[in-house]
Amino acid sequence: MEDKLVTLDELKSQLTAHLENNELDYGLVLKLSHEIAALEKGKVRFSIDAGVIDRLGQELVARQETAVSELVKNSFDADSELVTLTFKDSDSIGGTLIIDDDGDGMTRDELVDGFMRISTTSKLHNPLSRIFKRQRAGQKGIGRFSVQRLGLGLTIITQVADSNFALSLKINWNDYKKDSNLLTISNELEITEKTKRKGTQLVITGLRDKWSNASIRRVYRYVSNIIQPFSLTDVVTTENNDGDDIDPGFKALFYKQEGNNSPTTVADQTVMVYDHAVAEIQGQIDDSGIGIYTIDSKKLDINEIGEIGNDPDDSSVPFSELKNVRFKAFYYIYDPDLLPKMHATSIRKLAQREGGIKLYRNGFRVLPYAEPGNDWLDLDRSARRRTILPQHANLNFLGFVEIKDPENLFNETSSREGLIENNAFMQLQNFVHRTIVTGVLKVAAVRNIKQIPSQEKNKLGNYEEISVRIKNIAMTIEELEREFEEGNGGNKKRGKRKTKVIKDAVEELDALHKSELKKTIKERSMLRVLSSVGLTVTQFIHEIKHHMDHIKSDISFIISELEGNNVALERLTILDSNFESFANYTSYFNDVVSQNIIRDIRPQNMLKIINSFVNTMDSDAMKSGIELLPPKFSKDWLYTKSMHPSEWSSVLFNLYTNSKKAIQRAKSNGKILIECGEENDLIFIEFSDNGDGIEIGAEEKIFDEFYTTTSVDSLAELDQNSEILGTGLGLKITKDIVKGYHGNIRVVSAKSEFSTCIRIEIGKATEKELDEHGI
Amino acid sequence: MAYKIVYIEDQDASSVIHDLSPCDLDVAHCHPGTFKETITEVDSHKPDLILMDFRLTQGGSEVNAPAIAQYYRSLAIDDSNSCLPIVLLSNDSKIRGYYDDFTSHDLFDFFIIKEYLSDKKEKYSLLIKELIASYKCISTSQIENQDLVDLLLIPDKLEIDIDPRIKETLRSKQYQSNVYLASSFILNKIVKPVGVLIGEDVLSARLGVSKTSNDWGALCKTLKNYEYTGLYSGSYQRWWAYGIEVWWKEIIEESNHLRRFDSEGKLKILQEKFPTLQLQKVVGDPTTKTENFWTICQRNFLPIDPGEAFEIQSDLTLMPWLDTKYYSYESIRDYDLIKELTDIERARYKEMAKRS
């Protein structure tokens, strides 16, 4: 106690002496005051170790990409319109990252009370951003720790609009060592000249990670949900946009710079989204009312200009009520040739949210057009109807229509949900719809893709050229009436001819249907027999499960009791292992049976299917002296199109039993190998064995019904112990399953140490399928 | 005195009875009939615990297990003394789906797959006994108005670091009056999952030392002070997660956080501290690349680095004091677990797998 008092006095006098100096060392003042305060008898205070920064940064923010995406979100939250990220010399550790935005910036108070204050609550208190009322995206107070996570040093240069200087703050994270007091570590704050009107620049030096193009793109994808495909600045060409608080949208540009080279764009809207469009379809109507459209595609080398009129059949008829309209649409085709898989998923996700053609009137977005579920241009419906075949749903477009409407030809409904559907609006719908479909057909023609169901291929394998009449989607009542009258037009003879054609077609269809029906009935009766067998097996497997648990328990009990009786014990151990492999064998069927509870089909992961098959069949194979080699996969991503898992079980089991029989006939040292991979968008399986092979000429027959390798004349000849006999149905069923999914199954030439190889090919899962099943 | 168990089973029950009886459990078989008959028979045995098969209707019962369990659970609302532990025993592993559903309806304490019972009868009989003892312990504590938190036996040193919400929950009125709730909270939200407590695998991952090391046991002994000794510690060997960090700082005298080292680094520090111990480095599955292990893969239970592994989408029941769960790349690949990941992780996995 005595000691401390002395110390307290000492500290006091030190502080007083120092305070009389002309030049104050604020760090020392703070340190002394802390020490004095710590000696107060009746009260204690928390102190914070500087190591907390490290804990919160490196340990809280696990992944580098997350850290950067948090910083981009901060810019978004600060009502920034554009943020640029430049990764300098980032191919090795120690590079520099510059994040530059044109957001609000921070005043000195905001910097001190916000950024420099740990666990600030400002984002919690203000969930919406100040000017544009954005839903704030950043996580509460994680930003600055992200910075620490990323690099060793940080410089913040920030300026606000109504101030005539900028602030520059330098932080060296290495100063924040463990076992020092967080509150006494000072950071340099300077007042510097403004470099722009407002905004914040973060310079992170000594990056802790390498940044490849792929990881930079990943950041872009993480933040893509706050970036809109079109921002108002893209759209609005008029200056009559006087509301300052309309959100102009948010853009992010990602650059990479090595040494003194000029920076290259790694990711931005153009690289990540627009460049992948197959075509750009644009249209506009000027004062004359005639629509002009252009279709451009670098990928397909299309460059077309055309006219479009109010009458689908006459392009010289002007749109009477349309003026000063323009639109632009990026067209995406989800086909691996045209859209790399890597980007397809993210673009599809974006399109699910933002797809369709948005409508802007006098600089304001009009809802609900192109909101998810809205189909104002009849694209989804038209795509479903399939009178026009190439992809053209809302999901395939990102675009907007801009109308300048000083005369108020378009009126918003009183509920402020959309525009009144007057003639002007109908013409707008027709114009945009027909232009887009024209573009879609043009692209399909260049790609040599079937455009309408009746189109045929010519001798060269190309689709004949056709001109498709694109109908209006919106019509006035008079127009509808006219259309109807023309269709039913007075000429009686033509009517009769038409009826005859229809009648003939129906009769032909009927005959076809009857012959098909016969086949179906035959096949169905076979299936009935098989399914009842299947049901019995199911029942059996379920029932014996109970007994098996008991037997297992009984065996292990007897084993423990027979301690000492070697002969009996030995025999029992054999029984135990026999029973074990029996249990293994049935467990496979048990899995298959219980899979039947799941009725829906989904993409199948071949690694799982084949691995689990090999694992369960391994002990059975070993008993038969067959080596089931470890399966080979060409890669880790092998998903077939949606199937039922038990179908694969059945296919693999059939192939396996066939191989087993072939090996027993050949009396060879059996070997079975399953290989799986991907080729030309098909998943293939090659099932090889070294059995007695398939006789030449029978390669096709083996897939027929009741083809067996051993013929039996009468039931009496059936030897119960012989496994060699089959019903001849196995491969037929396998083939049916594969064919059911438009797959292929055939005998291919076997590799060196094998004699037979059966190859199955099945379509791989599409991105859409995987998406739907959450994979 | 052996505990009394009633086993409700519509089929042959002798093997299960033979399995459990040597483990000091007195098992009576109840063949289910009508609902009333079943209840009457169960009650006549005055059991300490009810064990039941899931499907009972095939052998003549009117209802399946949940209805009977429901009856006993609702009985306990009026009289907390009559609260009985109920364990589900089934041969159908697919029941797990239903089971997960029923836990939310507060029905079963535990689920045993029949197949594993005879293999691990010591483990399961221990758990059954501990369940009964814990029920009695909680019940006494509640009647005497004692703090349920005491049952966790938190070491004094760690007292302030334990998530206050754990204490709040156990002290809330509902938990102070319902034995089943309190028991399942302690078992399922504290003892079993990785979070405030960690098991041997996670401990091995965090220390960077293989469990198969000759002196693993000796190393664990140095952690004795932080071994969990509260309710259910008989069946589950656990350590206080934060205790390990205290130990690292105070006993190992290393000021840098445990998480900052890879296995190599941790092993080196440990060997300098305990030169006589024979310790080996722990290794992850073949697809792991870094060694900053912190937790384990939920599928193969091998150590993983959370920075490298893939985060599992957590359900709503994840308590704030529990750790995020992860799968390793290999597990996702071989067992088709991609669906269970969070959105961002799914995309990351997909990219990696496609590049493979």
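Reader: How many residues does the contact take from chain A and from chain B?

Author: The contact takes 35 residues from chain A and 43 residues from chain B, where contact means heavy atoms within 4.5 Å. This is a predicted model, in which local features need pLDDT of at least 70 and side-chain atom pairs count only at pLDDT 80 or more, while totals for chains, interfaces and linings use all residues. Residues are numbered from 1 along each chain as its sequence is written, chains are lettered from A and ligands numbered from 1 in the order in which they are written, and side-chain values use heavy atoms, with hydrogens and water left out.

Between chain A and chain B, about 3,700 Å² is buried; buried area is the accessible area (1.4 Å probe) that two parts lose on being put together, summed over both. Carbon and sulfur atoms give 44% of that area. The interface also holds 4 salt bridges, a salt bridge being a side-chain nitrogen of Lys or Arg within 4 Å of a carboxyl oxygen of Asp or Glu. A:E767 forms a salt bridge with B:K350, and their closest N and O atoms lie 3.4 Å apart.

Helices (H or I, at least four residues) and strands (E, at least two) are DSSP runs, numbered from the N terminus. Of the 775 residues in chain A, 43% are buried, that is, under 20% relative accessible area with a 1.4 Å probe and protein chains only. Among contacts in chain A between residues at least 6 apart in sequence, 72% join residues at least 24 apart.

The confidence of the prediction should be kept in view. Chain A averages a pLDDT of 80, and 86% of its residues score at least 70; pLDDT is the predictor's confidence in each residue, from 0 to 100. Over residues 238-243 of chain A the pLDDT is below 50, and this stretch has 3 contacts in the model beyond near neighbours in sequence. Residues 711-725 of chain A also stay under 50 in pLDDT, and for them the model has 14 contacts beyond four places in sequence.

In chain B, helix α13 (residues 263-273) has buried residues, among them B:L267, B:I269 and B:L270. The buried residues of α13(B) pack against α10 (200-207), α11 (216-221) and α12 (241-250) of chain B.

Terms used: Buried means under 20% relative accessible area, exposed over 50%, partly exposed in between (1.4 Å probe, protein chains only).
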